[in-house]
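Opening the notebook on this one. I want to look up contacts, core, pocket and charged pairs, in that order.

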Amino acid sequence: MAGSPEYLKLLDDMRDLHIRKNAGYAGHSTDPWCNFRQCEAFGISAVDGVITRMSDKWSRVQSLWKDKDNDQVGESVEDTLMDLAAYSLILVCLLRESDD
């Protein structure tokens, strides 16, 4: 088998969500990471900005896992984990970019 169909579907879903969110955050910029680079205006690297967002998502996972009633904005544990996975891949891209 070439992998779990459910896992591969999640990757496809992440791709679609990334495209939609990137259009909202980056707008017409040719830089897909421009919103993360805005951290630099505050003396924070884009990499550190992504790590901070990952930390926020991890805190949310922990809070929701302890008590699902902590969800006040309609973002489930699954949604938060998908965001965390996306931030992980964004961080990989930024790290690879800095290695160039």
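Predicted model: local features only at pLDDT ≥ 70, side-chain atom pairs only at ≥ 80, totals over all residues.

I started with Tyr87, which touches Phe36, Val50, Arg53, Met54 and Lys57, leaving out residues up to four places away in sequence; contact here means heavy atoms within 4.5 Å. Residues are numbered from 1 along each chain as its sequence is written, and side-chain values use heavy atoms, with hydrogens and water left out.

Buried means under 20% relative accessible area, exposed over 50%, partly exposed in between (1.4 Å probe, protein chains only). Helices are DSSP runs (H or I, at least four residues), numbered from the N terminus.

Is Lys57 buried or exposed? At 13% relative accessibility, Lys57 counts as buried. I find Lys57 in helix α3, in contact with Glu75, Thr80, Asp83, Leu84 and Tyr87, neighbours within four places aside.

Then I checked salt bridges (a side-chain nitrogen of Lys or Arg within 4 Å of a carboxyl oxygen of Asp or Glu). The structure holds nine of them. Lys57 is in a network of these bridges with Lys21, Arg60, Asp71, Glu75 and Asp83. Arg60 pairs with Asp71 at 3.0 Å, N to O, and with Glu75 at 3.3 Å between the closest N and O atoms. Glu75 sits in the loop between α3 and α4 and Arg60 in helix α3, so this pair ties together parts 15 residues apart in sequence. I have Arg60 as buried at 19% and Glu75 as buried at 16%, while Asp71 is partly exposed at 25%.

**The largest pocket**

Last stop: I looked up which residues are closest to the centre of the largest pocket. The lining of the largest pocket takes the most from α1, with eight residues.

Technical notes
1 Å grid on protein atoms, 1.4 Å probe; cavity = no way out; pocket = protein on both sides within 12 Å on 5 of 7 lines; lining within 4 Å. Helix = DSSP H or I, 4+ residues; strand = E, 2+ residues; numbered from the N terminus.
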